[in-house]
Amino acid sequence: MPTKGKTNFTRTLSHALDAVLVGASRSWIPLPHMPQFYSLLNKWALMAILKALSILPASLPSKSSHLSLFTLGFVMSLSTGLANVSLKYNSVGFYQMAKIAVTPSIVLLEFIWFRKRVSFSKVVALTVVSVGVAVATVTDLQFSLFGACVALAWIIPSAINKILWSTLQQQENWTALALMWKTTPITLVFLASLIPFLDPPGVFTYHWNTINTLLILGSAFLGFLLQWSGALALGATSAISHVVLGQFKTCVVLLGNFYLFGSNPGVTSICGAFTAIAGMSAYTYLNLCGMKSQVGKTSPHKTPAAKSRLSRENGDSHDGYGGESV
């Protein structure tokens, strides 16, 4: 749909620009987590301004407990902190392999929590996607024992983070902005508590200047757009579809650099990217077919709007992703 397409485009563009700004800020700030912390703090300040102007929408009455919000804020901080440490001690290729492992982790966790099952055809499609992305992006696998442990420890919090974002919006009436407003302070507190253990000394003695400040502010704004559009995508689809969307962005960036700027990643990487996109296309087609099947089976007394996507999947289908689309 057009709205979903706009969300995906905004997410991809803001992700790329935010990565550039955060990377630039880290080149000036030799503290891997402080730029992330300041960026997150500025995001929360921006949402406070929106709330003061009554622009931030209020959340509908929700049955979610404080424990759910606390858990989401905690796993967000843990996921962010461990990802930065993993990039510090491992190569980008090894970090990419850890990201690919998030997909089967989500499938396993959703089966344990919600008894969601994925059809064999979708398992094959997701396997093709994972293999294609690995071939396209993993060019080096340099890592240390400590870095490998951190990367493995990052996989589960990352998967839980995506599952909670999707579940709280689809089942418990949260809007994306309202959920961001509630969980960002929790994330800030935990991330601040991790900084003394993850960053080298010098947090409070760093010399700030105009360039560093502007980079942090710019990264915060683009990071806000990234998180917002990502949350919208999670609310509209699912954790798995969100991961596949991110992998699609990776392949598009690789092929775009090759076609537009003459970058040559190699024949193997290009073939891997096209293989991954083929798997994504098959996964999307299977989701669309499942969606039509679900609409056809819907009782005339219960419209699709009367039940959440996840409820339909758990109650009416053995295929855990029958109603999703990427």
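1. Trp228 touches Ala176, Leu177 and Met180, leaving out residues up to four places away in sequence (contact means heavy atoms within 4.5 Å). Trp228 sits in helix α9, residues 210-236 (helices are DSSP runs of H or I with at least four residues, numbered from the N terminus). Trp228 is partly exposed at a relative accessible area of 31% (buried is under 20%, exposed over 50%, partly exposed in between, with a 1.4 Å probe and protein chains only).

2. A word on the basis. This is a predicted model, where local features need pLDDT of at least 70 and side-chain atom pairs count only at pLDDT 80 or more, while totals for chains, interfaces and linings use all residues. Residues are numbered from 1 along each chain as its sequence is written, and side-chain values use heavy atoms, with hydrogens and water left out.

3. On to the rings: the whole structure gives seven aromatic pairs (rings of Phe, Tyr and Trp, the last by its six-membered ring, with centres within 6.5 Å; planes under 30 degrees apart are stacked, over 60 edge-to-face, the rest tilted). Phe74 and Phe190 have ring centres 4.9 Å apart and planes at 75 degrees, so they count as edge-to-face. That pair links distant parts of the chain, with Phe74 in α3 and Phe190 in α8 (residues 176-198), 116 residues apart. Phe74 is partly exposed at 33%, and so is Phe190 at 22%. Another edge-to-face pair is Trp113 with Phe114, at 6.3 Å centre to centre and 80 degrees between planes. Phe70, Phe74 and Phe190 make up one aromatic cluster.

4. Have a look at Arg115, in the loop between α5 (102-114) and α6 (120-137). Arg115 has a positive phi of about 55 degrees without being a glycine. Most residues other than glycine have a negative phi. The charged end of Arg115 sits over the ring of Phe111, 5.4 Å from its centre (the cut-offs are NZ of Lys or CZ of Arg within 6 Å of the ring centre and within 35 degrees of the ring normal).

5. Helix α10 checks out: its 23 residues (239-261) should span 33 Å at 1.5 Å a residue, and the end C-alpha atoms are 32 Å apart, which agrees (the expected span is 1.5 Å times one less than the number of residues). Just after α10, Gly262 has a positive phi of about 75 degrees.

6. Ser91, in the loop between α3 (66-89) and α4 (92-100), is buried at 10% relative accessibility.

Key
Helix = DSSP H or I, 4+ residues; strand = E, 2+ residues; numbered from the N terminus.
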